[in-house]
Amino acid sequence: MEDLYSIGETARLNDVSIKSLRHYDEIGLLKPMHIDPDTGYRYYAYSQFSFIDKIKRYKNVGLSLKDLKDVFQSKDLERLEELLREQNHALEEEARRLQDQRQDVQWLVDFLEYSRSMVVDNHLYIKEQPSMTVLRVPCDGDDAMYTMDMELRRVASSPPFQNCQLLNPYGYLLDLDHLLDNRFYPVASTVCIREEPDMPDSPYLFTIPGGRYLCCKAKILSQGWDVGPLAQYCRSRGLHPAFVLANEYLASLNDPTNSPYEIGLPLPAGWPELE
């Protein structure tokens, strides 16, 4: 008869917990070679150590104890290979999900870093804006903030947009003529999305083209904001783009009316630098 090892010795020699060995016994995955009828102590044989190795190896890559029990009892190597292939596919999907999540976290880090760097003044500057897709909900500039927000939420939670990942910044497309008179008049409420759904004709999708934008910052939801230098520049040079982008950034977690907005006007190709 081969040597027997107590449950404590077996746990130590195989780097597995006593609790795990007891659990394997309870579910029928690995029964002790011998149980002392008087004390109830469990003893394992050396020949079972390789079985413990297999349990640890396949458990560590994500196979369930239930699946392992079924495979070991059936001795079906093809089923074991199938389970491993399924687990490999699941891990690939999880890796893609984590990569998307990591990108979203970095997006928020960049958003907050840019928010903290913002100084609201009348300074004009030209910025290179990357292309991005937004969910766009038309609105009347006289609509209440509540009305615009609720409509954007309604569209965002409806098929096929309910699975889209919404990203900062939120914002508006503004009417230029009202803006140049220091009046807040949105023609659409927007939010950036990570992946554009396959709906090329949707009226709710809008691609903000990449390129050079004339920008300034203003707290357009607060009282007394002013974009005088921007108005003077546009009127003196005849700049009248097809849309005006206003992206919201954070100055506070609980006072959205005090949020700074970066106002951006797309510039035609070849537009000169600021003097």
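Predicted model: local features only at pLDDT ≥ 70, side-chain atom pairs only at ≥ 80, totals over all residues.

Me: Sheets next. What is the strand order in the sheet of three strands?
Reply: The order is E1-E3-E2, in an open sheet with antiparallel pairing. Strand E1 (4–6) and strand E2 (34–35) are at the edges with a single partner strand each, so one side of each has no neighbour in the sheet.

Me: How many bridges pair E1 with E3?
Reply: Three bridges, in the antiparallel sense, with E3 covering residues 42–45. Leu4 has Ala45 in E3 as its bridge partner.

Me: Which helix lies across E1 and E3?
Reply: Helix H1 (residues 7–14) does, and it runs at about 90 degrees to E1.

Me: And the sheet of eight strands, what order is that one in?
Reply: That open sheet runs E4-E9-E11-E10-E6-E7-E5-E8, and the pairing is antiparallel. E4 and strand E8 (205–208) are the edge strands, each pairing on one side only. From one strand to the next, the twist averages 35 degrees.

Me: What joins E5 to E7?
Reply: Five bridges join strand E5 (residues 132–138) to E7, and the two run antiparallel. In that pairing, Pro138 has Ala188 in E7 as its bridge partner.

Me: Changing topic: how much space is in the largest pocket?
Reply: About 440 Å³. It is lined by 24 residues, and the closest to its centre are Tyr170, Tyr172, Glu248, Pro256 and Tyr261.

Me: Which elements give two or more residues to that lining?
Reply: Helix H5 (77–117), helix H6 (145–156), strand E6 (166–174) and strand E7 (186–193) do.

Me: How do the lining residues divide by class?
Reply: The largest pocket has 13 nonpolar, eight polar and three charged residues in its lining.

Me: What about the second largest pocket?
Reply: About 310 Å³ of space lies there. Its lining has 14 residues, and those nearest the centre are Trp107, Lys127, Pro130, Pro169 and Tyr249. H5, strand E4 (125–129) and E6 each give two or more residues to this lining. H5 gives the most, with four residues. By class, the lining of the second largest pocket divides into seven nonpolar, four polar and three charged residues.

Me: How many cavities of 30 Å³ or more does the structure hold?
Reply: One. The volume of the largest cavity is about 40 Å³.

Me: Which residues line the largest cavity?
Reply: Gln129, Tyr213, Cys215, Leu245, Asn247, Glu262, Ile263 and Gly264. Strand E9 (211–218), strand E10 (244–248) and strand E11 (261–266) each supply at least two residues of that lining. The largest share, three residues, comes from E11. By class, the lining of the largest cavity has four nonpolar, three polar and one charged residues.

Me: Backbone details now. Where are the cis peptide bonds?
Reply: A cis bond joins Pro159 and Pro160, with omega about 0 degrees. Pro160 sits in the loop between H6 and E6. The bond from Asn168 to Pro169 is also cis, with omega near 5 degrees. Pro169 is in strand E6, and Pro169 is also among the residues nearest the centre of the second largest pocket.

Me: What is phi at Asp15?
Reply: Near 55 degrees, which is a positive value in a residue other than glycine. Asp15 is in the loop between H1 and helix H2 (18–27).

Me: Why point these out?
Reply: Because most residues other than glycine have a negative phi, and most peptide bonds are trans.

Notes: Residues numbered from 1 in each chain as written. Heavy atoms only, no water. 1 Å grid on protein atoms, 1.4 Å probe; cavity = no way out; pocket = protein on both sides within 12 Å on 5 of 7 lines; lining within 4 Å. Points joined across faces, edges and corners; volume = space filled by probe spheres on them. Nonpolar A, V, L, I, M, F, W, Y, C, P; charged D, E, K, R; others polar. Pairing = 2+ DSSP bridges. Contact = heavy atoms within 4.5 Å. Axes fitted to C-alpha atoms, helices over the stretch in contact; angles between N-to-C directions.
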